[in-house]
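Please keep the sequence and the 3D view at hand while reading.

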Amino acid sequence: MPALLKQFGPLKNPDHPLLALGLEGSANKLGAGVIKHAPDGSSMVLSNVRHTYITPPGEGFQPRDTALHHRQWAFKVIREALDSAGISLSDLDCICYTKGPGMGAPLQSVALIARTLSLLHDKPLVGVNHCVGHIEMGREITGAKNPVVLYVSGGNTQVIAYSRQCYRIFGETLDIAVGNCLDRFARVLNLSNSPSPGYNIEQEAKRGKRLVSLPYTTKGMDISLSGILTAIEAYTQDKRFRPDGLPKFTDDQDIITPADLCFSLQETVFSMLVEITERAMAHIGSKEVLIVGGVGCNERLQEMMGIMARERDGQVFATDERFCIDNGIMIAQAGLLGYRMGMTTPLTKSTCTQRIEIKFDRFRTDEVHVTWRA
């Protein structure tokens with residue numbers, strides 16, 4: 001068990017409902033949510049509030065500016081979450097926050113807010129792994145029992161399966177995450193960052209008709225995406241590329257449009273994800289796939305995964321943007337599950353763990369002791 005989690009004795013069947021506030025801020029979304037667990041273990045989402053830091057088209061979000069956004073919006077988002085839930089801070093049993101992985105400065109801002117609330121209102125803290133938060137919220141909302149999990153977001157791309165109180169990573173990206181790949185190409189095309197660059201890539205892709213050739217890079221259970229990003233960016237310098245999607249001459253039919261490139265990027269990358277997910281399903285004999293993370297909202301990814309699952313007499317589980325995109329309620333859910341098992345984070349350990357690179361992630365999904373599952 002990681003040192004940050006201390007066992008105090010389980011509360012598997014408390015004699016009263018438990019309430020938790022979850023705070024998420026590992027990237028450009030600041031979220032706060034309140035969840036209630038009944039004594040029998042059933043849960044109810046009482047509120048789920050989120051505010052996103054959006055930059056101009058063609059620009060990404062920087063850690064310092066994102067942290068400033070979180071500090072500026074924290075009071076309003078938390079207050080709205082509490083008011084929507086109809087409770088006060090004194091009613092809470094614990095305060096849960098994202099410990100990592102993520103961007104250092106935003107994580108530190110949210111950890112500071114969580115510590116302050118904990119001290120002011122004498123509430124225990126629970127540090128939560130961001131990835132496990134996605135998984136537990138997905139399981140709770142969809143009802144998936146023991147699925148292979150495809151976790152796809154701006155900072156993570158992993159294929160995961162549960163075994164012996166641990167979420168085991170079967171495969172992952174070797175370089176950049178799929179959400180990062182999509183976001184960076186959206187900046188090349190100067191697409192809007194509202195509501196998100198990945199969403200606007202998806203809408204462009206629906207109008208695409210031409211599939212251009214791109215590297216297909218699966219390496220066993222792992223994938224590589226940096227080469228695909230380089231190749232797709234190169235097409236924007238091709239003489240056939242038309243940024244406005246219109247031919248220069250009436251007989252100019254051999255053109256490549258931004259929609260074609262978005263379509264090609266999605267089809268190639270999602271095919272790779274489907275392949276490694278299917279391989280994991282075959283390995284563990286599962287017929288369930290749960291897609292979590294911000295990219296999990298993508299309808300084309302869900303469609304392609306559904307085709308594969310049906311061919312295996314299986315089923316795909318996914319949620320909408322309320323629970324796929326980073327949010328506070330997923331942190332509250334995972335944190336309260338741990339709290340019921342006696343897990344809390346001492347104030348002296350209430351730090352956060354920044355991701356340096358994917359291969360040097362300091363708080364990986366498979367480092368969490370999942371005590372609440374048999």
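## Pro63 and helix α1

Pro63 has a relative accessibility of 34%, so it counts as partly exposed. The model is a predicted one, and Pro63 belongs to helix α1, which covers residues 63-85.

Apart from neighbours within four places in sequence, Pro63 is in contact with Met103, Ala105 and Pro106. Asp15 is 48 residues from Pro63 in sequence, and the C-alpha atoms of these two residues are 43 Å apart in space.

## Helix α5 and its cover

Helix α5 consists of residues 197-205, and seven of its nine residues are buried, so the helix is largely enclosed by the rest of the structure. The buried residues of α5 are Pro197, Gly198, Asn200, Ile201, Glu202, Glu204 and Ala205. Burial here stands for a relative accessible area under 20%.

Which helices are included in what covers the buried residues of α5? The cover includes α4 (178-188), α7 (258-284) and α8 (299-311).

With neighbours within four places in sequence set aside, the contacts of Phe263 are Ala205, Gly208, Arg210 and Leu211. Ala205 is also one of the buried residues of α5. Val212 lies 51 residues from Phe263 along the chain, with 8.9 Å between the two C-alpha atoms.

## Tyr339 and the aromatic pair

Is Tyr339 buried or exposed? Tyr339 has 14% relative accessibility and therefore counts as buried. Tyr339 sits in helix α10, which runs over residues 328-340. Between Tyr339 and Phe185 there are 40 Å in space, C-alpha to C-alpha, and the two are 154 residues apart in sequence.

One aromatic pair is present in the structure. The ring centres of Tyr162 and Tyr167 are 5.6 Å apart and the ring planes stand at 65°, so this pair is edge-to-face. The cut-off used for edge-to-face is over 60 degrees between planes. Both Tyr162 and Tyr167 are buried.

## The chain as a whole

The chain contains ten helices and 14 strands. Its radius of gyration is 21 Å, close to the 21 Å from the globule rule for 374 residues, so the chain is as compact as a globular protein of that length. The C-alpha trace spans about 75 × 45 × 35 Å along the principal axes of the chain.

How many of the contacts between residues at least 6 apart in sequence join residues at least 24 apart? In this chain the share is 76%.

## Burial, surface and charge

Of the 374 residues in the chain, 55% count as buried. The chain has an accessible surface of about 16,100 Å², and carbon and sulfur atoms account for 50% of that surface.

There are 40 positive and 40 negative side chains in the chain.

Technical notes. Residues are numbered from 1 along each chain as its sequence is written. This is a predicted model: local features need pLDDT of at least 70, side-chain atom pairs count only at pLDDT 80 or more; totals for chains, interfaces and linings use all residues. Side-chain values use heavy atoms; hydrogens and water are left out. Helices (H or I, at least four residues) and strands (E, at least two) are DSSP runs, numbered from the N terminus. The radius of gyration is taken over C-alpha atoms; the globule rule is 2.2 Å times the number of residues to the power 0.38. Buried means under 20% relative accessible area, exposed over 50%, partly exposed in between (1.4 Å probe, protein chains only). Contact means heavy atoms within 4.5 Å. Accessible areas come from the Shrake-Rupley method with a 1.4 Å probe; for residues, only the protein chains shown count as cover. Lys and Arg count as positive and Asp and Glu as negative; His and the chain ends are not counted. The place of a charge is taken as NZ of Lys, CZ of Arg, CG of Asp or CD of Glu. Rings of Phe, Tyr and Trp (its six-membered ring) pair if their centres lie within 6.5 Å; planes under 30 degrees apart count as stacked, over 60 as edge-to-face and the rest as tilted.
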